[in-house]
Amino acid sequence: MGTVPSALKHCLSYQHLLKEQLWIAEPPAAAHPAQEPQASGLPEYIKIVEVGPRDGLQNEKVIVPTDTKIELINQLSKTGLPAIEVTSFVSSKWVPQMADHKEVMRGIERHPGVQYPVLTPNLQGFHSAIAAGATEVSVFGAASESFSKMNINCSIEESIERFEEVTKSARNMNIPVRGYVSCALGCPYEGNVVPDKVAEVSKRLYSMGCYEISLGDTIGVGTPGSMKKMLEAVMKEIPLSALAVHCHDTYGQALANILTAIQGVNLCAVMEAGNFICTALNKKTNSKVAQASFSTGTTN
Amino acid sequence: ASGAYPKRVKVVEVGPRDGLQNEKNVVPTPVKINLINMLSETGLQVIEATSFVSPKWVPQMADHTEVMQGIQKFPGISYPVLTPNLKGFQAAVAAGAKEVSIFGAASELFTQKNINCSIEESLERFEEVMKAAREANIPVRGYVSCVLGCPYEGKISAAKVAEVSKKMYSMGCYEISLGDTIGVGTPGSMREMLAVVMKEVPVGALAVHCHDTYGQALANILVALQMGVSVVDASVAGLGGCPYAQGASGNVATEDLVYMLNGLGIHTGVDLQKLMDTGTFICNALNRKTNSKVSQASCRL
């Protein structure tokens with residue numbers, strides 16, 4: 001793997017992260033690295049990466065005005081979340097909901113200690129992102145050839161080449177890059193996805209300089225069994241501390257899968273931000289905690 | 001042992017009782033009967049059919065006798081019914097019930113508000129039922145509500161849960177179903193509670209009844225399985241909202257549970273497609289959308 005830019009170091013050290021998170025009164029008694037398990041076998045600290053403003057809004061039917069997006073991100077910034085994925089520098093032809101990426105990037109408040117990564121599918125998007133003030137970017141690979149072709153119109157190998165251009169430029173500018181691997185537990189076109197393939201693509205992204213690999217159960221078909229098998233294969237190539245999981249709840253399995261992956265955050269503030277955006281989108285929240293906590297669980 | 005799962009799990013279907021009882025819309029008797037008959041074809045071994053409580057308290061279950069007498073009783077399938085007291089028990093047996101359930105709670109306030117007496121008094125009532133059931137050779141399943149939290153008392157001590165569970169097990173219940181009545185539990189509190197209860201009741205006699213009010217049900221069930229529990233309650237289509245949190249969900253959906261167990265290679269004997277079809281039927285009858293994510297994902301409409 002290439003040289004780790006100094007900007008990345010706080011992402012790797014959870015003590016540093018804790019100090020920067022103003023909402024934590026004091027660090028836990030045993031200040032171990034994030035992956036050291038408690039007696040229950042669970043880590044003491046989990047970094048939550050909020051993808052609502054990008055992955056969330058991108059997949060909503062209703063297009064949200066720029067001001068609403070900015071307000072959503074600003075509210076999220078107050079919750080204690082350490083990372084909030086802001087927008088996507090893709091062509092507005094492909095993803096109209098993210099057409100206002102520059103305005104959003106420039107319009108949001110930047111809270112200290114919070115990262116605001118953006119998606120950059122290629123070098124052009126990367127430059128555009130940097131020009132708009134981005135200080136962290138993400139690239140999106142897939143463990144399925146069919147998905148890669150249908151989604152970004154090229155093979156996995158070709159996509160890796162594109163990402164290498166991005167990571168090379170990013171390295172020169174000290175910009176951290178997060179790598180995503182889609183279809184980690186199944187593909188809408190190919191069906192079953194082999195864990196070794198996930199490990200292979202993850203390794204390519206990690207080797208080219210991504211500081212973290214987010215493994216995505218894109219269609220939510222995974223269950224604790226398949227999650228475990230996949231992680232075991234990937235962990236042979238990538239250290240656990242550089243892995244994240246991105247579980248979709250399409251079949252209601254997400255929390256069980258996450259639990260398996262992991263064997264905090266000011267909840268009230270997160271819920272308010274959720275209520276705000278659901279009102280703006282005129283839809284009910286998908287969060288059961290919010291449904292249970294708000295008297296109506298609906299908008300207005 | 002953490003990480004090792006049971007090879008088989010018995011799924012106890014509570015939709016026709018716990019589910020329908022907590023639905024806003026009341027379904028006619030023939031619909032209830034058809035629901036139970038459809039569930040009988042899915043491979044489920046236990047289907048809680050109805051509740052022999054006074055219709056004054058639970059109008060949705062007023063047709064308990066008709067339902068009990070109207071359903072097809074398949075060999076190898078058990079159709080337990082709720083019996084809060086001796087009167088209900090006798091009515092149930094007269095209507096053909098071969099298994100009954102009694103409902104205790106780990107919270108004094110909940111017991112007071114729910115059945116108007118103390119935990120001790122409720123156990124005395126149950127003793128009457130147990131005695132009669134013993135004489136009639138009728139197996140009794142015990143439920144303990146509020147095991148991970150109470151809507152009135154808040155936090156519930158694991159020791160209290162163990163105490164009530166032990167009393168009900170000692171009086172003759174063959175199984176104790178531990179209910180997270182308001183779904184506030186998380187894997188941590190589930191693990192802690194089970195560790196204490198398992199000192200008093202053998203794990204083979206324990207079941208979990210997790211509500212999905214806060215979306216935690218499957219994660220909580222997963223932890224219970226890891227600790228050796230192999231009986232899980234669920235409700236087709238996730239029927240039954242939460243009476244304590246308006247707009248919130250209640251029971252975990254049987255389809256979502258079976259999906260997870262299938263993925264883990266755990267045998268349930270349940271046909272997921274037939275289960276989803278049953279869920280579709282009852283949701284149409286109730287004029288509501290399913291709470292099962294698996295069903296939502298599989299629907300092509």
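## The sheet of chain A

In this predicted model, chain A contains an open sheet of five strands, which follow the order 3-4-5-6-7 and pair in parallel fashion. The edges of this sheet are formed by strand 3 (118–119) and strand 7 (243–247) of chain A, each of which pairs on one side only. Within the sheet, strand 4 (residues 137–142) and strand 5 (residues 177–182) of chain A are joined in the parallel sense by six bridges, and in that pairing S138(A) has R178(A), in strand 5 of chain A, as its bridge partner.

## Helices across the sheet

Helix 9 (residues 195–207) of chain A lies across strand 4, strand 5 and strand 6 (212–217) of chain A, and its direction makes an angle of about 165 degrees with strand 5 of chain A. Helix 10 (residues 224–234) of chain A lies across strand 6 and strand 7 of chain A, running at about 150 degrees to strand 7 of chain A.

## Chain A as a whole

Chain A has 13 helices and seven strands in total, and of its 300 residues 50% are buried. The accessible surface of chain A amounts to about 13900 Å², with carbon and sulfur atoms contributing 53% of that area.

## Strand 5 of chain B and its neighbours

In chain B, strand 5 (residues 100–105) is largely enclosed by the rest of the structure, because five of its six residues are buried. Strand 5 of chain B pairs in the parallel sense with strand 4 (residues 81–82) of chain B over two bridges, and here L82(B) stands opposite S101(B) of strand 5. Strand 5 of chain B also runs parallel to strand 6 (residues 140–145) of chain B, to which six bridges join it; in this pairing V100(B) is placed opposite V140(B) of strand 6.

## Cysteines

Over all chains, the structure holds zero disulfides. C183(A) is accordingly in no disulfide, and the nearest cysteine sulfur, which belongs to C187(A), is 4.2 Å away. With a relative accessible area of 0%, C183(A) falls under the 20% cut-off and is therefore buried. C283(B) has a relative accessible area of 6%, so this cysteine too is classed as buried.

Key. Residues are numbered from 1 along each chain as its sequence is written. Chains are lettered from A and ligands numbered from 1 in the order in which they are written. This is a predicted model: local features need pLDDT of at least 70, side-chain atom pairs count only at pLDDT 80 or more; totals for chains, interfaces and linings use all residues. Side-chain values use heavy atoms; hydrogens and water are left out. Helices (H or I, at least four residues) and strands (E, at least two) are DSSP runs, numbered from the N terminus. Buried means under 20% relative accessible area, exposed over 50%, partly exposed in between (1.4 Å probe, protein chains only). Accessible areas come from the Shrake-Rupley method with a 1.4 Å probe; for residues, only the protein chains shown count as cover. Two strands pair if DSSP finds at least two bridges between them. A disulfide is a pair of cysteine sulfur atoms within 2.5 Å. Contact means heavy atoms within 4.5 Å. Axes are lines fitted to C-alpha atoms, for helices over the stretch in contact, and angles run from 0 to 180 degrees between N-to-C directions.
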